[in-house]
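Subject: Structure handover

Hello,

Here is the structure, as promised. My notes follow below it.

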Amino acid sequence: MKYINNITWALILCMGLVVSCKDDDEPGTSEALTLDKTEITMGPEGGTERVQVTSNLSWVSSVSGPWVSVSPANGIGSAECILSVDSTLENTSRTLEIKYAPQGQQPQTLTVTQFGFGKQILIKDPEVELESSANYDDRYFDVTISTNVELKIDMDNIDYSFAEGEPSAEDEEEANSQKTGWIELEGSNTPVVDLDRKARPRTVKVRFRWDMNTIAYTRVAKVSLVPLHPEEDQLVDNDGNPIEKVTLTVTQEAAPKITDDRAGDSLAIIMICEKIQSMVSYDPSENMRNWDGVTLWERTDDFPEGMDKEAAIGRVRSVNFMGFDIKEGEDFPREIRYLKYLEGLYIQSNTNRQSREMHFGEDICDLKYLKNLNITSYGLVDLPENIQNLKSLESLVLSSNNFASLADLTAVINKDNFPNLKMLDLSGCRRSDAFIDLSATSDNTYNGVPLGLCINIGKVGTVNPERQALIDLLSWDNLTSFGLSYGYIEGELPSDEEMVAALGAKAHYSESDFFEGGAAATDWEYKISKDTCQWLLSDDRPITNALSSNVRGTDVPRVLPFARVFSINLNFLTGPMPNWIMFHPYFVEWNPGSMVLNQQEKGKNSDGVIVGFDNISPYDFNYSYYYGKDRPDMSDPSTYENVAYPLYYFRYVALDEDASE
């Protein structure tokens, strides 16, 4: 019995060794043998070609045809092989493969193509199949071309079609909009072919890039390769018959069909996340109500005018895409257009956004119910051409992008194009966090990279497009929040006189800007408390402070009169601080020490001057002129003499005093 047990254990050990050997020696792609070339083309006269074999094993070669011989045909370790190719009497080409097989490993293949006496263009793989989508870096294919004539790739006359035939009437408009232009050739359409030995053929490789397919139809593109000099070079096919061109056929699979319903919304979001390589992914088996960053329309919601309430219930109301990697040269995925009831779209944090120059694409421009659009840290250098179609927008956040000109932005973003806009944020549009001396650059670049929103608005009285763009934004009555922090904006803020001239008939505050008593819900947003800020309507109680003397309420320009949020900090501004800021009715709510007065620390403008306002400091600033130093007695005007808004004392000082007692 003991003898039998010993035999049993011995068999088990042997089986283990056999299995181990099998795992280790499983054939596969190995680097045990490499070739210095994988393609050889020869002319009809034949000849010899040298091939370097690099290996650490024994190997043997095999040839699939009799017209090529290999010497040596086998070996141990590295060697130089000489291929001898016979001449041909044919007019057409022929091809064979030579396989070099290292011991116990998968062979490496060398393809030999010999041209006939006819003139030919040969595509190694004339039919290419593509998936519907892939990461940007993977969206290309290479084509190997062997030819004995100079050639042209005819990108101007690509034959585009759908494998399924003509789209249905329902899909026709959308499908046809995506039918053409989805492949692009990198480099010249006349690749250089070095025909240095007369008709001896040469091999070239060209690369095509392709766009993702977003429609439910299989796209087909037929690309013609033709002689560059057709009057001199007559092509023949493999049977020796004259031909005009050779065709590369590219077929791209259809995208999943996105339906106009809740299931379509979920599929659109999943596809977008996949295409942008988002750090957030969603489980399609889970109810969308449980997806982070996604909200749906509920029956109890306040639906915008014109929206079909019953159709919208359960559809996506807002979505947040964050932490993604969209490469320079690609737009935001077109699937966003399927979220037709979208009210809020939040897109944040593209990888390496400061080094990328991004364009967004036009598909968001049809989201007619969109009220809140936030594209932050994306790398945008411009805006979609038709973004002004978004008339319902109330909030537009474009912070931390790569815009270079305020004037270019305000040509699109203005009160005429966006009559309902309340919030605009253009802060953080720097492409460098280290550069703080504008006198060290003459072309607004740092280490060869543009600085971002680097503009000079000039001094008071200067006339230039960038200064006018800022004045236009400051004249936008509807804005209740405006951010322009952390940029490379130098120069002086518009003066009171400049703003009065720009505002025209609405240059100063009037009775219609105020409410009295308790504010109704409809009054609060676009009204000012008359009890608190009535000084703005007076001309008999002048205020003197460290900046200016004898300032009357009726002198203060009506700039952004209802803005509860305003920031211009961490720029490169100099010159005087104007009264339209210092006496603004919501100035105290702006946290001015940090968000207005404070410019780039140790920053220098293009003249080499340390930046900062010359009539006020963020470090010793106080509100004595604004709401006073002491608790006022509102029945005794002498207790708030030389104070613009004494009632603010009770809100911002007295509450803290009472709480500490």
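Where does Asp211 lie? Asp211 sits in the loop that runs between strand S15 (202-210) and strand S16 (219-227). Strands are DSSP runs of E with at least two residues, numbered from the N terminus.

Ground rules, briefly. This is a predicted model, where local features need pLDDT of at least 70, side-chain atom pairs count only at pLDDT 80 or more, and totals for chains, interfaces and linings use all residues. Residues are numbered from 1 along each chain as its sequence is written, and side-chain values use heavy atoms, with hydrogens and water left out.

**Charge**

Asp211 is partly exposed, at 41% relative accessibility. On that scale, buried is under 20% relative accessible area, exposed is over 50%, and partly exposed is in between (1.4 Å probe, protein chains only). Asp211 also belongs to a negative surface patch, with Glu184, Glu186, Asp331, Glu362, Asp366 and Glu385. Like charges are joined within 9 Å, placed at CG of Asp or CD of Glu.

**Cysteines**

There are zero disulfides, a disulfide being a pair of cysteine sulfur atoms within 2.5 Å. Cys429 is in none; its nearest cysteine sulfur, that of Cys454, is 12 Å away. Cys429 is buried, at 2% relative accessible area. Cys533 is buried too, at 1%.

**Ser442**

Ser442 is in the loop between strand S25 (423-425) and strand S26 (445-446). Ser442 is exposed, at 78% relative accessible area. Ser442 and Ser606 are 164 residues apart in sequence, yet 8.4 Å apart in space, C-alpha to C-alpha.

Best regards

Definitions and conventions. Patch = residues over 30% accessible without salt bridge, like charges linked within 9 Å, V, L, I, M, F, W, Y side chains within 5 Å. Areas by Shrake-Rupley, 256 points an atom, 1.4 Å probe, with all protein chains shown as cover. Salt bridge = Lys/Arg side-chain N within 4 Å of Asp/Glu carboxyl O. Lys, Arg positive; Asp, Glu negative; His and termini not counted. Helix = DSSP H or I, 4+ residues; strand = E, 2+ residues; numbered from the N terminus.
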